[in-house]
Amino acid sequence: MFPDKGMQAADALEKAYNENAYTGLTDPAQFALRLTEQLRAITNDSHLRVIFGSPFRNQPPPGTPQDAGFEVKRLNGNVGYIRLARFVPPEAFNPAADSAMREVSDTAALIIDMRDNGGGHPASVAYLVSFFLDPARPVHINDLIWRNRGTSTFRTESFWSSETPVRYLGKPVYVLVGPKTYSAGEEFAYDLQVLKRATLVGEKTRGGANPGGLNELGSDLFVVVPPGRAENPITRSNWGGAGVQPDVPAKSDDAQETAAALAIDQITKLSAR
């Protein structure tokens, strides 16, 4: 995605090779780890990594139904709670999101738990964000800026809000985040924070904003190189390297309790008006 960083990384690895820095590494997994550490030190990109062993070996066969990973329940005080582990592709994600949001549509406040969300599909992120936006007009949620392979030219893939069967408007929303929140999980939190549609509670996220593409190197080695980067249409930036900062800091283990207390307090204030 960043040609200058690519050249720096290539020069550094070639220099290390010429200096026999890898001579003592006989374990290919340790070799992959050493390369990953060097590449990340130069690029500050946590998506970039070298892998030993095909990442496809344990993949489900094509056509296998994917669990969308939603957990839905009601907490005391008519507060809804949704825990989401991943953003699977839209064909599996959207129906599950519809069902989850219907279950909590009549709650007075909502907590969305992204603390263990490791990422996934950006179109699914945009769909879930859509539930919290006014349907009267489409909202530009996020862009992915892709580098055209083998060139220094770029193209933009834009994500906008879409129609959903229910909307969650005019009520408090809290998103739980932490050190395990990553990639698309971070984007969801960042999007709602920038749109001023949710309060983030917890700890700073990992800081992975550049989607990766897998390339085979040979000898059972693979490298994930991000060919794109996220760009928020409001901030013209992203959370890469820095992570998403919570609005209300709290230890990850205490984030749900903290958010629930905030929700009850806000519900009480709104009902007193």
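**Exercise 1.** State whether Thr-107 is buried or exposed, and place Thr-107 in the fold.

*Solution.* Step 1: Thr-107 has a relative accessible area of 1%. Buried means under 20%, exposed over 50%, and partly exposed in between (1.4 Å probe, protein chains only). Thr-107 is therefore buried.

Step 2: Thr-107 sits in the loop between helix 3 (90-104) and strand 4 (109-113). Helices (H or I, at least four residues) and strands (E, at least two) are DSSP runs, numbered from the N terminus.

The model is predicted: local features need pLDDT of at least 70, side-chain atom pairs count only at pLDDT 80 or more, and totals for chains, interfaces and linings use all residues. Residues are numbered from 1 along each chain as its sequence is written, and side-chain values use heavy atoms, with hydrogens and water left out.

**Exercise 2.** Find which residues Thr-107 is in contact with, leaving aside its neighbours within four places in sequence.

*Solution.* Step 1: Contact means heavy atoms within 4.5 Å. On that basis the partners are Arg-74, Asn-78, Val-79, Gly-80, Tyr-168 and Lys-171.

Step 2: With Tyr-168 there is also a polar contact of 2.9 Å between the side chains. A polar contact is a pair of N or O atoms within 3.5 Å; within protein, one must be able to donate a hydrogen and the other to accept it, and residues adjacent in sequence count only if both atoms are side-chain atoms.

**Exercise 3.** Explain why helix 5 (residues 184-194) is described as largely enclosed.

*Solution.* Step 1: Eleven of the eleven residues of helix 5 are buried, so the rest of the structure largely encloses this helix. Among them are Glu-186, Glu-187 and Asp-191.

Step 2: The buried residues of helix 5 pack against strand 4, helix 4 (122-130), strand 5 (140-147), strand 7 (173-177) and strand 8 (199-202).

Step 3: Just after helix 5, Lys-196 takes a positive phi of about 55 degrees.

**Exercise 4.** Work out how many residues of helix 4 are buried, and what covers them.

*Solution.* Step 1: Seven of the nine residues of helix 4 are buried. They include Tyr-127 and Leu-128.

Step 2: The cover includes strand 3 (79-84), helix 3, strand 5, strand 6 (154-160) and helix 5.

**Exercise 5.** Describe the protein chain as a whole.

*Solution.* Step 1: The chain has six helices and twelve strands.

Step 2: Its radius of gyration is 21 Å, close to the 19 Å that the globule rule gives for 273 residues, so the chain is as compact as a globular protein of that length. The radius is taken over C-alpha atoms, and the rule is 2.2 Å times the number of residues to the power 0.38.

Step 3: Of the 273 residues, 43% count as buried.
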